[in-house]
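Let's walk through this model together, one question at a time. Have the picture ready as you read.

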Amino acid sequence: MYALLLTIHIAAGFAALTAAAVAVLTPKGERAHVYAGRVFVLGMALVFLTALPMTLMKPNLFLLLVAIFSFYLALSGWLRARNRRGVPLAAEWIAAGAMVLAAFAMGVRGIVVLRAGDSMGTVLLVFGGIGGLLAGRDLQSLRVHRYTGTTRIVAHLTRMMAGRMAAVTAFTVVNVRLEPQLVVWLAPTVVLTPVIVYWNVRMQRAARATPGS
């Protein structure tokens, strides 16, 4: 059973990574971009759903928390794209709340791991910090009961890009052997975070320059 789940897990991750590349290379709104986004989210969902029983069969709290973090990014990004009216959905409340709890767990576990002398605790602190920040912003937007226009698009872009970053991280960790392992885990975050920030700033500037946006 574990071998079957692992096979599905790897195949779903590869599909998500491929779909992420297609989504990046195709213009927003085109059919290829939309379908690629759906495949990406479905792939990340399968990665998450297979990770749950796998971590029960072979306990690994680290990978479980990272799986929750990755799926939250993809799911919340997809929900932002679908929910054009900006009226909060139950799924958005649940996703944000679950990520806040996971971020707290990642922070606690990260500190414990670091105190034990393992630098991999830094990975949990970084991912937990990112997830907690985005989930906190989600909860703030949901309390206002509406997010539309640039706010929605920027949130969609940020989370989908961050979700792709998580998929690239998983691919890199599996296929690249380099010590210290911390470098492999955090390299995609270090490289892609400036790209995410750039696109956020660019879209916000464009919105401010457009009357009525």
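Q: Which helix gives the largest share of the lining of the second largest pocket?
A: A pocket here is an open set of points on a 1 Å grid over the protein atoms alone, where a 1.4 Å probe fits, with protein on both sides within 12 Å along at least five of seven lines; lining residues have an atom within 4 Å of a point. Helices are DSSP runs (H or I, at least four residues), numbered from the N terminus. The largest share of this lining is 8 residues, and the helix that supplies them is α6.

Q: What should I know about the model and its numbering?
A: This is a predicted model, where local features need pLDDT of at least 70 and side-chain atom pairs count only at pLDDT 80 or more, while totals for chains, interfaces and linings use all residues. Residues are numbered along each chain as its sequence is written, side-chain values use heavy atoms, with hydrogens and water left out, and the numbering starts from 1.

Q: What is the volume of the second largest pocket?
A: A volume is the space filled by probe spheres set on the grid points, which are joined across faces, edges and corners. For the second largest pocket, that comes to about 530 Å³.

Q: How many charged residues are in the lining of the second largest pocket?
A: Asp, Glu, Lys and Arg count as charged; Ala, Val, Leu, Ile, Met, Phe, Trp, Tyr, Cys and Pro count as nonpolar, and the others, Gly among them, as polar. The lining has 10 nonpolar and 8 polar residues, and its charged residues number 4.

Q: Are α3 and α4 roughly parallel or roughly antiparallel?
A: Axes are lines fitted to C-alpha atoms, for helices over the stretch in contact, with angles from 0 to 180 degrees between N-to-C directions. Angles under 35 degrees count as roughly parallel, over 145 as roughly antiparallel, 65 to 115 as roughly perpendicular and the rest as oblique. The axes of α3 (residues 61–82) and α4 (residues 90–115) come within 10 Å and cross at roughly 150 degrees. The two helices are therefore roughly antiparallel.

Q: How many charged residues are in the contact of α3 with α4?
A: Contact means heavy atoms within 4.5 Å. Residues including L61 and F69 in α3 meet residues including A91 and M99 in α4. The contact has 14 nonpolar residues, no polar ones, and a charged count of 3.

Q: At what angle do the axes of α1 and α2 cross?
A: Helix α1 covers residues 2–25 and helix α2 covers residues 31–57. Their axes come within 7 Å, and the crossing angle is roughly 155 degrees.
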